[in-house]
Amino acid sequence: MFDNLPVLIVVTLLMTAFLAPLFIKKFRPLVYGVANAAVAAAACASAVLLRYALHTGPLYVAVGGWEAPWGIEVAITPLSSFVVLVVTSIVALVMVSMPREQVDWPSQKVGWYLTLVLLLTAALAGMTMANDLFNIYVFFEVTALSSFGIVAAKKERNAADAGQGGYFEGNVDIE
Amino acid sequence: MPDLIIREITALLLPFIQMYGIYVIMHGHLSPGGGFAGGMIVGVSLVLYILVFGLDSCLRKVPHRLSSIVESFGTLWYAAVGFVGLLRGTSFLMNKGAGISLGTPGKLFSSGLIVVITLGVGIKVASTVLSLLYTLIEED
Amino acid sequence: MLAKLLHNYPYLIAALIFAVGCYTVLSHSNLMRKVIGINVMETAVFLFFVAAGNVRGGRPPIIDLQNPDQLYVNPLPSALVLTGIVVGVSVTALALALVVRINRQFGTIDADEIAAIRSRENV
Amino acid sequence: MRKLIPALVILPCLAALLLLATELPPYGNPDNPANNEVTARYLEKGVEEAGATNIVTDIIVDYRAYDTLIETTVLFTALIAVMLTLKGDRKHHA
């Protein structure tokens, strides 16, 4: 019954992220609202999954219908759905205070920043639920790139240096 | 602005490079290549255009705003194709299992959603290469 | 042992390229050279993956429908490396953007000079 | 000094990697553990199940399509992060 819900959590956040920079100029409050609603919906969905995993047992979804050695498997265990719930609800709470913090930012920058936050949330959720090593690697790259971008978004000149340092250390870790 | 020979030869070659890129995108399921390789070829042809004819001339033909929008919609296209399987009552990103006809293997219009996805990825990669170059070399 | 190493020559070359890239990253303080070194290391990893999937005498994994019984190389490492290459391109793009911004804000792309500037500021 | 210390660090690592290369299965052997039943199914049933004669396309766009969706997202993320890094503080945007 919940077979598509784990993938839909990730994909909904991704689609919101793709649309955010396109509409930010004309509908700035609306984009804030939709982004926050998407993260909140992801939190609700993960709560549903947590309840399912606790009552019925773990859920293993074969994405695209291909079984585990051939396709990608997504695992919903009590632990993974709990971590997703924690991540998404923290981001949802943080995003409530975002419009007030970013009043003097230009619209375009707000759009890119929101996109990166949504991508980071989606990638963290997806990485937690993934049950496939290569899938974890790809999600890890999204996490890394979006967090470097968020770090370097500040105006101070140390921010770029910090992003660069994170890039080198992160890459050496991967390889 | 480079000299006459470079400009003329580039003008002569560009359509063929882009045609080859589109060929690689369209035949991704039959021959080596696919969305990423073909999109990269089309994108690199636009990079060549910028190198030879200058940034302003390319910005007039393909504005930065347009390439960003195409980029966003290319990624959205992939996710939207994934919903086809969902709407037919099966799993996300399903191709044959969702009851889509695969056609005759080896023909150009075969393999169901693979062609559709490859086309979207190709357009997206081409516009990403162009947008990245715009962002990196534009002056403030 | 040397004969076995020479028989596994793609792995030998991958290890050498990896060491060259790692040495470039560690020994230079210029950020551009560090980015190049990381790209060289990536190339070594991709070479290792593709070589691990090779089958001697195998054809490229494009099925010939007329004569079905052929030996094909392993398609899975190629598919994974394709993803890896795209990821490498994106990471390189972001690294170059960070280098451009560091150059704009510090006026240099040398890691040692940046560290000196920052330590002078923080005193 | 700048050149010597990295070389001293890397040479033992290189020796370890070369030692590893001698222990790996012989290059190009069809019986290697990398060519297992997963690959066999891709090669035997790929055309029938996914429809494309190029097996690599079958794998990345059908069997592992979720990975490729995230991969295009990586490109998108990189572009947005580059824009935020370089143009975040511009007052007006084209």
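Reply: In this model, Tyr11(C), Leu12(C), Ala15(C), Phe18(C), Ala19(C), Cys22(C), Tyr23(C), Leu26(C) and Ser27(C) of H2(C) meet Pro6(D), Ala7(D), Val9(D), Ile10(D), Cys13(D), Leu14(D), Leu17(D), Leu18(D) and Ala21(D) of H1(D). Two residues are in contact if their C-beta atoms, placed from the backbone, lie within 7 Å. The model is predicted: local features need pLDDT of at least 70, side-chain atom pairs count only at pLDDT 80 or more, and totals for chains, interfaces and linings use all residues. Residues are numbered from 1 along each chain as its sequence is written, while chains are lettered from A and ligands numbered from 1 in the order in which they are written.

Me: What makes the residues of the contact of H2(C) with H1(D) nonpolar, polar or charged, and how do they divide?
Reply: Ala, Val, Leu, Ile, Met, Phe, Trp, Tyr, Cys and Pro count as nonpolar, Asp, Glu, Lys and Arg as charged, and the others, Gly among them, as polar. By that division, the contact of H2(C) with H1(D) has 17 nonpolar residues, one polar and no charged.

Me: Why is H2(C) called roughly antiparallel to H1(D)?
Reply: The axes of H2 (residues 9-27) of chain C and H1 (residues 4-23) of chain D come within 10 Å and cross at roughly 160°. Axes are lines fitted to C-alpha atoms, for helices over the stretch in contact, and angles run from 0 to 180 degrees between N-to-C directions. Angles under 35 degrees count as roughly parallel, over 145 as roughly antiparallel, 65 to 115 as roughly perpendicular and the rest as oblique. The crossing angle of roughly 160° therefore makes H2(C) roughly antiparallel to H1(D).

Me: Is the crossing of H2(C) and H3(C) left-handed or right-handed, and what makes a crossing so?
Reply: A crossing is left-handed if the near helix is turned anticlockwise from the far one by less than a right angle, and right-handed if clockwise. The crossing of H2(C) and H3(C) is left-handed, whereas H2(C) passes H1(D) in a right-handed crossing.

Me: Why is H2(C) described as roughly antiparallel to H3(C)?
Reply: The axes of H2(C) and H3 (residues 31-52) of chain C come within 8 Å and cross at roughly 165°. The angle therefore places H2(C) roughly antiparallel to H3(C). The residues of this contact of H2(C) with H3(C) divide into 17 nonpolar, four polar and two charged.

Me: How many residues do chain C and chain D bring to their contact, and which element gives the largest share of the side of chain C?
Reply: Chain C supplies 43 residues and chain D supplies 40. H4(C) gives the largest share of the side of chain C that touches chain D, with 15 residues. By class, that side of chain C has 31 nonpolar, nine polar and three charged residues.

Me: How is the secondary structure of chain A counted, and what does it come to?
Reply: Helices (H or I, at least four residues) and strands (E, at least two) are DSSP runs, numbered from the N terminus. Chain A comes to seven helices and two strands, and along the sequence the pattern is α-α-β-β-α-α-α-α-α. Buried residues make up 51% of its 175 residues.

Me: Where in chain A is confidence lowest, and where is it highest?
Reply: pLDDT is the predictor's confidence in each residue, from 0 to 100. Chain A averages 86, and 88% of the residues score at least 70. Confidence is lowest in helix H7 (residues 157-174) of chain A, at a mean of 63, and highest in helix H3 (residues 78-96) of chain A, at 93. Where pLDDT is low, the predicted coordinates should not be read in detail.

How values were computed
A residue is buried if 20 or more other C-beta atoms lie within 10 Å of its own, exposed if 12 or fewer, and partly exposed in between; C-beta atoms are placed from the backbone.
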